[in-house]
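I opened this notebook to record what I looked up in the structure. The entries follow the order in which I worked.

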Amino acid sequence: MTLTARLAPYLQAAPLALILGVFLLVPLLTILMVSFWDYDSIRIYPDFVTFNYEETLFSWVTWKTYLNTLKFAVIVWAITLFVGFWVAYFLAFHIRTTAMQLVLFLVCTVPFLTSNIIRMISWIPFLGRNGLLNSALVEAGIVAEPLEFLLFSEFAVVLAMVHLYTLFMVTPIFNTLMRIDRALIEAARDAGASGFQILTNVILPLAKPGIAIGSIFVVTLVMGDFITVRFMSGGQSASIGLMMANQMSLLQYPAAAANAVVLLAVVLIIVAGILRIVDIRKEL
Amino acid sequence: MSKAADIELASVTKRYGVTTAVDAISLKIKAGTYCCLLGPSGCGKTSTLRMIAGHESVSDGDILLGNTVINDLPPARRGTAMMFQSYALFPHLDLVDNVAFSLKMKGMEKAERRDKALAMLRVMEMEPYAARRPAQLSGGQQQRVALARALITDPQALLLDEPLSALDPFLKVRMRAELKKLQASLGITFIHVTHSQEEAMALADVVVVMSGGRIEQAAHPREVFNRPATAFVARFMGEHNVIEGRAAGGGEGTTRFEVVGGASFLAPAVREAGAPVAIAVRSDKVRLGDGEPGFGFTGLVSAVEYRGSTVQVAVAAPGIDEFSVSVDEAEFFRAPLSVGEAVPLSWSREHVHVLA
C-alpha cells in the first residue's frame, strides 16, 4: 500500500474529527480542567483543587436544585410524551395522504419559526394577572379574583417547557410510527385484537425507539434549561442551569464548571438508563 | 379441527369511490376446496380475498360462510384466518408469541397459550426456532410461522394473499408442495390469491380466473386449461393461440371466419354471418406442415426459443398476433427453422376450441 492510500481513510475522517474535536472535545476538556481551578471574587487561578466539587456535591442547595430540576424533567417528560405520542399517532394513522401529513407536520413546527424567548414572552400577556386568560375568566364569572398561579410559577415553567419541547417528542415518534408496516395492524385485527389491544401489543412496543429518542431530547433539554425557568418562574424557582448562570455572573467559573460536569454526568446516566431499556440502534 | 364450511359470494361488489374493483361476482367454494383466485394485478382478486377476510367492507352483495352472512362480522369472528403477502409477523415478538398472539388477545393464560403455540410450531417443524425473532428466519421459515399463526385460531378457511411471491423460485416450488400437503391434511378451505397460472394449476381444485373485477371462468384447472371460456382466459393461461375474426358463412355445424388480414379459418360452431368468432389452439397441438384447409396457415418465423424438451417457435402472419408453436426438440432439430423463414402450420379439427 502506498503512503497516500494509507493516509486516505484518515484524511476522509479528518473533517468530522476536527469538528467534533474543536466544538465538543476541547470545550468539554476545558470545562473539566477549569472545574479543578481556584477562584476569588475577581479572577480564576490555574490549580488543582477539589473544593468546587465538594461545594457542589455536599451543599443542601445543590441537592434541592437538582431535585427541583429533575421534578421539572419528569413532569415535562410525562406531558410531552402523552401529547407528543397522540399527535404523532394522529398524524401517522389518521391522516391518509402523505401531502396532508407533511402539511400538518409543518404546522407543528410553526412555533419554531420564532425564537424561543419570544415564544416564552408571548405567554406573559396571556397568563399575567391582568392577562387575557384571567380577564376572560373573571368576566365570565368563573373565578372571583385573577388566578395568581398562572404566571411566574412552576405551573408557568412546565407550561412553557411543554410548549417548547413537545415537537422534540412528536418528530421521532412520528418517524417510528410511519415505519410500522400497516399489514401488522391488519394481522393483529385478524387475530382478534381490539383497538386498545393493537395499541398496547403492537403500536406501543414498535414505537419504543421513537419514544426513547424523544425522551432523550426532552430530558436533556429540560435538565440544561435556565432561561425558561428564569423567565416563567419570575425568579421563584431554581434549576441547575440557572444556578450555573448565577455562578458565572459572579465570575465563579470553576464552581460553574464543576456544576456542569456533575450535570453532564447525571444526564449521561439518565440517557444510559433510557438506552438500557430501549434498543434504539435500528432507528439510527 | 373445526368443521369446514362452504363459502359463498352472492353478487359481491367493491367500489372505491367511482372505480369498481370487484363487479358483482358470484362464486360458491365448497368446503375443503383449494381455490385459487387468479388474474393479473388490478383484476380484483386481492380485494375479493380481503372482503372475505373482513379487511375490506363489502359495497354490495353478501358473503356467506356456511349459512351465516359474515359481511359485518369483524375478521376474527368470521372463522377465517388470513396469511399476509409479506407474512406480517410481529418483529418485536419471538415465534411463540407471534403464534400465540390471537390466543393472548382472547385472554388465554400465558402458560396455556405458549403450550398451544409450541405445539403448532411443532406441526410446522419450527419448534427449534421458537425463541427467535422473525427477522432471524429465512423466507420459507417465516411463511411456516405465518401459517402457524393463522392456523392456531382453528379457522374454517385460510385466506392466503400471494403467499409465495416473496420466495425465490426453488423455494416457491417447495413451499407450494407444503401448502398443498397442509391443505389436504387439514381438510379446510384454502383461498389463495396469485397471479401465477403455474401456481394456480399446481395447487388448485378450483381456479377462479378474474379480470377487470369479474370472474372469467371458475373451474378445475384441467377444464380451465383445456377449455378456456374466454379469449382472456386462453391468453392468460398461456400456451394457447387465440385467433379472432368475423363469421363469413359455413355449414354443417362449422363456421368459416375471416381475420383482419384476410386469412380464413374453420371453427366447429354455428355463428351468424358477421358475428365475432374466436378460437384457441394449444401451441403443442399445432404441427409444422400442411393440413386440412381452414385449419392452418402459413406464416413467417419471428423468433425461436429453445426450452429444453421443446422449442418454441413464434410465427407472425397478417391478422394473427402472437402465434406460437411448441415443437418437440428432436423434431425441430431434424429440420431447423430460422427467423424470417416461411412455415406452413396446421392443426386438426378436434383441437380447435371455440371461445365465448
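**Entry 1. A bridge pair in chain B.** I began with B:Arg246, which stands opposite B:Glu258 in β12(B). The two strands concerned are β11 (residues 240–251) and β12 (residues 254–258) of chain B, which pair in the antiparallel sense over four bridges. I noted the criteria: strands pair if DSSP finds at least two bridges between them, and helices (H or I, at least four residues) and strands (E, at least two) are DSSP runs numbered from the N terminus.

**Entry 2. Basis of the model.** I noted that this is a predicted model, in which local features need pLDDT of at least 70 and side-chain atom pairs count only at pLDDT 80 or more, while totals for chains, interfaces and linings use all residues. Residues are numbered from 1 along each chain as its sequence is written, and chains are lettered from A and ligands numbered from 1 in the order in which they are written.

**Entry 3. The five-stranded sheet.** I traced β11(B) and β12(B) into an open, antiparallel sheet of five strands, ordered β13-β12-β11-β14-β20 in chain B. β13 (264–267) and β20 (353–355) of chain B each have a single partner strand, so one side of each is left without a neighbour in the sheet. Neighbouring strands here are turned by 45° against each other on average, direction ignored; axes are lines fitted to C-alpha atoms, for helices over the stretch in contact, and angles run from 0 to 180 degrees between N-to-C directions.

**Entry 4. Domains.** I looked up the division of chain B and found domain 1 (7–226) and domain 2 (239–355); such bounds come from an automatic or database domain assignment. The centres of these two domains of chain B, taken over C-alpha atoms, are separated by 39 Å.

**Entry 5. The six-stranded sheet.** I found a second open sheet in chain B, with mixed pairing and the order β6-β7-β8-β3-β9-β10. Its edge strands are β6 (80–83) and β10 (214–219) of chain B, each pairing on one side only. Within it, β3 (residues 34–38) and β9 (residues 206–211) of chain B pair in the parallel sense over four bridges, and B:Leu38 has B:Val209 in β9(B) as its bridge partner. Helix α5 (residues 139–151) of chain B packs on the sheet, touching β6 and β7 (157–161) of chain B, and its direction makes about 165° with that of β6(B). Contact requires C-beta atoms, placed from the backbone, to lie within 7 Å.

**Entry 6. A hairpin.** I checked β1 (residues 7–16) and β2 (residues 19–29) of chain B, which run antiparallel and are joined by seven bridges. B:Glu8 has B:Lys28 in β2(B) as its bridge partner. Two residues lie between the strands of this hairpin, and B:Gly17 in the turn has a positive phi of about 60°.

**Entry 7. Helix packing in chain A.** I recorded that α8 (residues 154–179) of chain A and α10(A) pack at about 155°, with axes 8 Å apart. α8(A) is therefore roughly antiparallel to α10(A), the term covering angles over 145 degrees.

**Entry 8. The chain contact.** I counted what the contact takes: 14 residues from chain A and 15 residues from chain B. α9 (182–190) and α10 (195–224) of chain A each supply at least two residues of the side of chain A that touches chain B. The largest share of that side, six residues, comes from α9(A).

Notes. Two residues are in contact if their C-beta atoms, placed from the backbone, lie within 7 Å. Angles under 35 degrees count as roughly parallel, over 145 as roughly antiparallel, 65 to 115 as roughly perpendicular and the rest as oblique.
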